[in-house]
Amino acid sequence: DFKFDDIQDLWNQKIIRNVLDELEDKGIQESLRNEMEEEALDYIAERAAALVKQFYRSSHRSFLWMDDAKDTFCHCPACRELSPSDQQMKILNHILRRLRQDDPDATLAYLGYFECSEPPEKITPEEGIFLEYAPFERDFHKPMAEQAHPLERLLQVFPVKDAKILEYWYDNSLFSKYKKPPVRFVPDVERIRKEAAAYAAR
């Protein structure tokens, strides 16, 4: 039984409980943390590769999303200097390298969603990472052209030719606030047509 005040304190106590006393040296702890991070990334990549092998494949593209929730990214000392977008990018690059061991033409989606709607700044996407932009927090009562959104910034980082838009035009569960009975749904066909054309023109 032991007590801890914060995550850093817990991390340090776990190290002390599981490795030699010499690892109390701060530099060695940092080295160990880096090794453990690589092991974690390798594990994630291996599990992702195993999952992709189970998919029905009509192309070389894969869509492996992070947590479908807000504020679920890592805040540990090793990660807090990276934005959610950079954290996602770091993981996706690692996964893609593993996928390409099985399929040299594999590509992988970066989901521009919630906190990751802004592009990564510190970690560059490797060739084969493409954008999937999901403007979940947009105002669905206004045309997209009248709203501020990060798509243009994202397209400065990710190839335009490979980008995919995940829109919510027909998501009546969203418009019904995930409650039953659903609201009566009447799609704004003209606005959808204009927005689809605007996306395609980029």
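Helix 5 (172-175) and helix 6 (189-200) each contribute at least two residues to the lining of the second largest pocket. Helices (H or I, at least four residues) and strands (E, at least two) are DSSP runs, numbered from the N terminus. This is a predicted model, where local features need pLDDT of at least 70, side-chain atom pairs count only at pLDDT 80 or more, and totals for chains, interfaces and linings use all residues. Residues are numbered from 1 along each chain as its sequence is written, and side-chain values use heavy atoms, leaving out hydrogens and water.

Let's start with the pocket (on a 1 Å grid over the protein atoms alone, an open set of points where a 1.4 Å probe fits, with protein on both sides within 12 Å along at least five of seven lines; lining residues have an atom within 4 Å of a point). Its volume is about 280 Å³. Of its 13 lining residues, Phe-140, His-141, Phe-175, Phe-185 and Arg-191 are the closest to the centre.

From strand 1, the chain passes through helix 3 (residues 84-102) to strand 2 in a right-handed β-α-β crossover (with the strands pointing away from the viewer, the path from the first strand over the helix to the second runs clockwise).

Strands pair if DSSP finds at least two bridges between them:

| Strands | Sense | Bridges | Opposite residues |
|---|---|---|---|
| Strand 1 (residues 61-62) and strand 2 | parallel | two | Arg-61 and Thr-107 |

Conventions: Points joined across faces, edges and corners; volume = space filled by probe spheres on them.
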